[in-house]
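I opened this notebook to record what I looked up in one structure. The entries follow the order in which I consulted it.

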Amino acid sequence: MNDRWSSSPGQKRTLLLDDTIVAISTPLGDGGIGIVRLSGPKAITIADTLFKGESKVKDLPSHVIHYGRIIDPGSCEVIDEILLTLMRRPKTYTREDVVEINCHGGILALRKVLELALKGGARLALPGEFTKRAFLNGRIDLAQAEAVVDVVRAKSESSLKVATHLLRGGLSEKIHSFRHTLMDILAQLEAAIDFEEEETQLMGEIDFDQKMGKVRDQIQELIETTQRGSLIREGIRTVILGRPNVGKSSLLNALIGRERAIVTPIPGTTRDTIEEMVDLEGIPLKIIDTAGIRQAKGVVEEEGVKRAFRSLDDADLIFLVLDASQPLTEEDQDITKKIGGRPTIIILNKIDLPLRIELEEVKRLLPARKIVETSAIQGAGLEEIREGVKEIFFCGGIPTGESLIITHLRHKEALEKTLLELTRAREAVQRGDSFEFIALDLREAIGSLDSITGERIDEEILERIFSQFCVGK
Ligand code: GDP
């Protein structure tokens, strides 16, 4: 356990680290601008060895952008024409002195500036090290630091909303309020332990069941949001299923082609699939094996269907596409049988053509499923698909910027541990155990809450969390 920052919550930690870190903070490749960021006690001195502007960096006003050049102090060669942002501590990302050098976007100039900063005495930052310093120096807590990655990686409006809420301290606030209540009970218990004769009287006053019960219920509610949380964060894994020519790829294109859809091709986590993230007006769908859907034409006819079947096990949701302009075929029926009890939306496509499908037959094959009529080529019915997804996964409504939803397994596990300890404490009260035992359980419960905000946390867990970040963040 690392107790360097095991101060009480809210208490400002300031832990000035003695080295200065540097990294290229923008994506590598040609770009409009590229930023080299320095943070630490020597950030300003190091910047002064490279910067040529109106005056020395150390004499420039803070939180202002300054024009100048970066000069190689060895060869006196001009490396780039830049804008330098000086931010003196403590009102900075890391709470340390920060200097950001905005170069022209080319990778060579950026590398050169980085090299010069390293020569000047900085150390190359580890992944997430700027954010880690923001945490170590007490500007944000650990849950907020984790939200930084979520904001960077958000692929849908709702995942961004949930992430920014976490970043603003939505969860931390809740955790602090639980902690506050439990600390109150603990303080009373400890007082009772000190003045043994008052035990019975205090027992009534504290009213464990009521106070702890409230916290327990709220924690339980939070834990129950986890499934929604992971759907929001990771996207609803969706398979588009249907025999050839029903309009699967047209439907995929219609979904992707929507004005506000964000499409991100990502290699599938299993097998050789390609997944695409589609933001269906706030609902994140991760459509599995979009390559399979598109390839089916060129390859063997049934290959696309086979590939889709292989993806079924990983799916949260199935879009079963049927051609409404044709009677149901045997192949449709075979496909339907593979669906089993999985959440499914039946999509009757091609409704712009005369209808020949038997609706009753479809309902008999797959009872109690939402049926939506679409014309993929006209883009009709997509809103109904969105409504269908919403009904299945978000009966409580799509999360807003104020929704408190658990999106991290680590937070869920810590909450479960807290719940377990509180249940133990309750049982101890019911058994009439001595206050020492109850206090012990409460302390454990508080310890689990503290691991969420990072008030108390293992160094190893910290390393694991920050290693998920990119360098420069
Ligand atoms: P897939 O094999 O299931 O991916 O089907 P495609 O998306 O390739 O579509 C097969 C054929 O149906 C193509 O000629 C499409 O233009 C046509 N098609 C797809 N959706 C519709 C629709 O809603 N209405 C009509 N009239 N034709 C459609």
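**Entry 1: ligand.** I began with the ligand and found one of its oxygen atoms 2.7 Å from a polar backbone atom of asparagine 245. I then looked at side chains: a nitrogen atom of the ligand is 3.1 Å from an N or O atom in the side chain of asparagine 349, and an oxygen atom of the ligand is 3.1 Å from an N or O atom in the side chain of lysine 350. The protein covers 77% of the 580 Å² of accessible area that the ligand has on its own; accessible areas come from the Shrake-Rupley method with a 1.4 Å probe, and for residues only the protein chains shown count as cover.

I note the basis here: the model is predicted, local features need pLDDT of at least 70, side-chain atom pairs count only at pLDDT 80 or more, and totals for chains, interfaces and linings use all residues. Residues are numbered from 1 along each chain as its sequence is written, and side-chain values use heavy atoms, with hydrogens and water left out.

**Entry 2: ligand shell.** I listed 16 residues around the ligand, the closest being Asn245, Lys248, Ser249, Ser250 and Asp352 (near means that a heavy atom of the residue lies within 4 Å). By class, five are nonpolar, six polar and five charged; Ala, Val, Leu, Ile, Met, Phe, Trp, Tyr, Cys and Pro count as nonpolar, Asp, Glu, Lys and Arg as charged, and the others, Gly among them, as polar. Helix H10 (residues 248-256) gives the most to this shell, with three residues.

**Entry 3: chain totals.** I recorded 18 helices and 14 strands in the protein chain; these are DSSP runs numbered from the N terminus, helices (H or I) of at least four residues and strands (E) of at least two. Of its 473 residues, 51% count as buried (buried is under 20% relative accessible area, exposed over 50%, partly exposed in between, with a 1.4 Å probe and protein chains only). The accessible surface comes to about 22,300 Å², of which 52% belongs to carbon and sulfur atoms.

**Entry 4: cores.** Which residues have the most contacts inside the largest nonpolar core? I found Leu182 and Leu415, in a core of 34 residues; such a core is a set of buried Ala, Val, Leu, Ile, Met, Phe, Trp, Tyr and Cys residues joined through side-chain atoms within 4.5 Å. Helices H4 (142-153), H6 (170-194), H8 (208-224), H16 (409-431) and H17 (435-453) each give two or more residues to this core. The largest share, nine residues, comes from H6. Apart from this core lies another, of 29 residues, with Val278, Phe319, Ala376 and Phe394 among them.

I then followed leucine 182: beyond its neighbours within four places in sequence, its contacts (heavy atoms within 4.5 Å) are Met212, Val215, Leu422, Leu442, Ala445, Ile446 and Leu449.

**Entry 5: loops.** Aspartate 141 is in the loop between helix H3 (129-136) and H4. Is aspartate 141 buried or exposed? I count aspartate 141 as buried because its relative accessibility is 7%.

In the loop between strand E5 (78-87) and strand E6 (98-104) I located proline 90; the peptide bond to proline 90 from arginine 89 is cis, with omega near 10 degrees. Arginine 95 is also in the loop between E5 and E6. Arginine 95 has a positive phi of about 70 degrees although it is not a glycine.

Conventions:
A polar contact is a pair of N or O atoms within 3.5 Å; within protein, one must be able to donate a hydrogen and the other to accept it, and residues adjacent in sequence count only if both atoms are side-chain atoms.
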